[in-house]
Amino acid sequence: MTQESAGVPSTNPAAATPSPRGVKVAEFAKRYGIILAFLLLCIALSLASPYFLSVNNLLNVLRQTSINGILAIGMTFVILTRGIDLSVGAVMACAAMVAASFAAGSEASPVYVPIMMGLLVGLGLGMVNGLFVARFAIPPFVMTLGMLSMARGLTYIYNDGMPISNLSPAFSFIGQGVLFGIPMPVILFLSIFLVCWGVLKLTTYGRYVYAVGGNPKAAKTSGIRTRLVLFSVYAISGLMAGLVGLMVAARTSAALPQAGVAYELDAIAAVVIGGTSLAGGVGTIVGTVFGALIIGVMNNGLDLLGVSSFYQQLIKGAIIVLAVMLDRSRLGRD
Amino acid sequence: MKTANVLGGALLAASLTMTSVAALAEPIKVSAAVYGLRAEFMQLWSNALKDHPAVKNGTVNITIFDGRYDAMVQDSQFDTTITQQFDAMLLVPIDSNACAAGVARAVAAGIPVVGSNARCNTDQLAAFVGSDDVKGGEMVANAVLSKIGYKGNVVILEGPIGQSGQIDRAQGITNVLAKHPDVKVLEMRTANWSRSEALSLMENWLAAHRGKIDGIIGQNDEMALGAIEAVKQAGLDVNDFAIAGIDGVTDALQAVKANEMESVLQDARAQAQGALDVAIRQVKGESYRPQSTIWKQYADKMAWDDGMKKEYNVPWTPVTQSNVDELLSGRK
């Protein structure tokens, strides 16, 4: 491609001087492809099920998506730096257990205590991931796979494998409450989305994350403290897992040691469907959010249509592969 | 655009509500939220549900939601049930505590919820149709202990710690063990209802307690079957061990027939069809008569009582050489 454009007239006029309209369509598809796919899915589902477009159902979808959505937003930071965080489901369960132990029964602490504890556990475990990946150069896959098992183990150890229930109403509000007609989890999801979108898009730190993922060597020579950036993305992912832990425990008024199994896979799927490259440096929070929405809408829609969950898994897998294939062909055009 | 969609949806939903009120002959819509469809027992339960006379003749429409062993997934299925305005809901909860919030939402939306198989810690269930796991635990322990003459060493394979089935069956087993001080428990660990986990656990125990284990108590059949596999692979004779499990899954019936273990049948059919009859009674009112054959089958032990009892206790049936062939023929 570069050789062609460097002087020799191309044999393919469309490639050398593409019509403005062609550029526009390609550009549009690249930018908004995921949103289009999402809208198409919604239209198809609203034709297939009369319940899909009801306000209540749409709020349900958003609330259900908020769990995976927030995990996927944290995961986006990690994947942008060419990393992966396999531990989010287990970290989430651990944070939920610890938080619940401060929110349960008659001697429940004031609500900020369990909230702080849950967030701290998430942040702390994420920082351990970050430390070993950034400082000791343990491959992210290995480190977070190890953390998956360690955090799950800690979760079982913490309360001897027993669930914790009867959480205080103030704590449960995080998952069950409604503010201005909008469920709390949705409010949290929106807030996290706005903050993280702003951080990646508008701040120097955001540019560093893209730089470290796009070309680590160049990032280092240009004076970016790459290790610190790497460390930080795992801390962010852990913090998000901690927050989700609070939401999940609050939603059901119970923390279960076996909660969140395989949640990392849905989070990774949302990021990948959203167009973030596993090779790092390319991707957006908006894409991830729509990736999560596509998964959420699909789960909801297939439930509404009464499709067996066995087929749901098949369809979800196919969508992941299709999304990446589209992504590849897009990159090929570039 | 979004607002327009939402408005359109609301109108559509409203008009649908009216049409469904107008047409009374429409089938009753019942959702069944089960903890997961990967295990055979829940498959038996679901198949029995679809086999209910009211489902077969079209008076009732069943939608089964797979909870995929995740309390959050099940929680969202309560909302799906509410949005779709189901007339009633059957619930086999994943966790006895995490289910309570969802039940409260469904009941608040006017949808009666009937529990089946596993308990939910709430007083808002219309009824519970299931088997008493404490009793099941007592029966499985007695089966093993009587075979070893109430003397010797046993190991116990437990379900996932903290699940109501595990807690109650362990209670039953402990009740029996407390009465027989000559029986010593060498090991008691979870194999998470899983045959393969029980297999490796049993391999380790056979190595650690070589020649000392007399009895193996499985809190379910799958784990007892895993233990049998471990005994065989270690080159030992299955008949030197007293082995028993609970549930009566197909492989366990085969093993009982082959004289390798004992089992206690948990009647998935009675739990599923019984729960559905109770749910239909909630929707249709007093005039409804139960249609499943299970009420005749258990007439002396589980009375219908107008379908308004809070609890229906489905009896356990020990699987023996005399009834195993009949049970196996029902699985085809």
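This is a short tour of the model open in your viewer, stop by stop.

Before you click, note that this is a predicted model, where local features need pLDDT of at least 70, side-chain atom pairs count only at pLDDT 80 or more, and totals for chains, interfaces and linings use all residues. Residues are numbered from 1 along each chain as its sequence is written, chains are lettered from A and ligands numbered from 1 in the order in which they are written, and side-chain values use heavy atoms, with hydrogens and water left out.

**Chain A, helix α6**

Select residues 112-134 of chain A, which make up helix α6 (helices, H or I with at least four residues, and strands, E with at least two, are DSSP runs numbered from the N terminus). At 1.5 Å a residue its 23 residues should span 33 Å, and the end C-alpha atoms are 31 Å apart, which agrees (the expected span is 1.5 Å times one less than the number of residues). Now colour the buried ones, including A:G118, A:G122, A:G126 and A:G130 (buried means under 20% relative accessible area with a 1.4 Å probe, protein chains only). Their cover includes α5 (88-101), α7 (140-158), α8 (169-176) and α12 (226-252) of chain A.

**Chain B, two domains**

Over to chain B: colour domain 1 (25-131 + 268-314) and domain 2 (133-265) separately; these bounds come from an automatic or database domain assignment. Their centres, taken over C-alpha atoms, are 30 Å apart. The contact takes 7 residues from domain 1 and 7 residues from domain 2 of chain B (contact means heavy atoms within 4.5 Å).

**Chain B, helix α6**

Next, pick residues 133-147 of chain B, helix α6 there. Buried residues include B:D133, B:G136, B:V140 and B:V144. They pack against β6 (152-158), α7, β7 (183-190), β8 (215-218), β9 (242-247) and β10 (262-265) of chain B.

**The cavities**

The structure holds 2 cavities of 30 Å³ or more (on a 1 Å grid over the protein atoms alone, a cavity is a set of points where a 1.4 Å probe fits but cannot get out, and lining residues have an atom within 4 Å of a point; a volume is the space filled by probe spheres set on the points, which are joined across faces, edges and corners).

For the largest, about 40 Å³, show B:A71, B:Q74, B:D75, B:F78, B:D95, B:A98 and B:C99.

Terms used
1 Å grid on protein atoms, 1.4 Å probe; cavity = no way out; pocket = protein on both sides within 12 Å on 5 of 7 lines; lining within 4 Å. Buried < 20%, exposed > 50% of the residue type's maximum accessible area, 1.4 Å probe, protein only.
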